[in-house]
Amino acid sequence: MEVYIGLDVSLASTAVCVLGEKGKIMTEVRVASAPEVLISFMHELPCEIVTIGLEAGPLSQWLHKGLTNAGFEAVLMESRRVKAALKAMPIKTDRRDAEGIARLLQLGWFRPVHCEAVSSQEMRALLTSRKSILDVLIKIELSPRGVLRNFGLKLGAVSKGRYEARVRELTAGNAMLEAAAEPILRARAALRCELAEIEKLVRKLASQDPVSRLLMTMPGVGPVVALTFMSAIDDPERFRRSKDVGPWVGLTPGRNQSGERDIVGAITKAGDAGLRTALYQAATVMLNRGAPNWLKAWALRLAVLRGRKRATIALARRIGVVLHRMWRDGTEFRFTREEAMAFRTA
């Protein structure tokens, strides 16, 4: 008998639903969230397992890799569509979620998610660590501004190098303000050192990787953007066309059509938020400080017609498309349209 298995994964345990022919539930159990435990359970089933489905999440890639290495056909399911389908259930439990995932798997009403390589996951972990330190650092630097403003002390526009001296200058002579500012300044100094170390490592990794060096030939694309793009895409061959990168990263307009109503709205924001932010930052840099090139000229013309914000989003989408094509073709960025067209027709 062929069966479909749905897994609802949580941190400590996983709800398992085994669905047989004609949608009949064969088994429902709860096991520990560990690959070896799940593999042992699968081997004990007296049935032929067609597919194992689990919703994409924090532990999903780890479990997916373990099941795949054990020889099972496992698939990661896009969480947005799974959640939309499970909303129809009036009562939500882990057991019912596992059953819903198994039924979606049997019906084929799901969108598979690419399971990244371990190297890409490690790179994403490093970039996430950098982003966390940067976010905390920004919050810490904003804190004295708000505190000192209550006393009429305005920090004003100040560089990173003069920040500490400026805070000490404003709090000098006031013992309470000095006591409040000192811990923040010490924490800021420590975070600055940690951020400098991790950014040094990021630049080193980017300079040693040939694909990263290739992507950085485009204006506005630095080590962080290049490594973010590589770790998010993971395998350029998973996209049949380079134009598919834009919708995948959520930089295309959403659409709501029903009968006579047809509304084209803001971008969908589906997919990888970190990559979407990185591409938008690259587009902003290219528009404001990047070297003259055909992409920048195209975006500036669009800004005149549709506004600078829309032009920046459109440029971010197109940067993603061009970076994917550069990666697949192994070619550097072409600064003029004629150079790009000449290579494509060669």
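Me: Which residue does D135 meet in a salt bridge, and how do I read that pair?
Reply: The general idea is that oppositely charged side chains can pair when their charged atoms come close. In this predicted model, the D135 side chain meets that of K131, with 2.9 Å from N to O. Both residues sit in helix α5 (residues 118-149), four residues apart, which is about one turn of the helix.

Me: What about E141, which residue is its salt-bridge partner?
Reply: That's R188, and the closest N and O atoms are 2.8 Å apart. Here the pair links distant parts of the chain: E141 belongs to helix α5, R188 to helix α7 (residues 175-208), and 47 residues separate them. E141 and R188 are both buried.

Me: Now helix α7. How far apart are the closest N and O atoms of R186 and E182?
Reply: They're 4.0 Å apart, and the two residues form a salt bridge. R186 and E182 both lie in helix α7, four residues apart, or about one turn. R186 counts as exposed because its relative accessibility is 53%, and the cut-off for exposed is over 50%. E182, at 25%, is partly exposed.

Me: Which residues are joined with R186 and E182 into one network?
Reply: E164 and R168. Salt bridges with shared partners tie E164, R168, E182 and R186 together.

Me: And how many salt bridges does the structure hold?
Reply: There are 19, among them the D135 and K131 pair we began with.

Conventions
Residues are numbered from 1 along each chain as its sequence is written. This is a predicted model: local features need pLDDT of at least 70, side-chain atom pairs count only at pLDDT 80 or more; totals for chains, interfaces and linings use all residues. Side-chain values use heavy atoms; hydrogens and water are left out. Helices (H or I, at least four residues) and strands (E, at least two) are DSSP runs, numbered from the N terminus. Buried means under 20% relative accessible area, exposed over 50%, partly exposed in between (1.4 Å probe, protein chains only).
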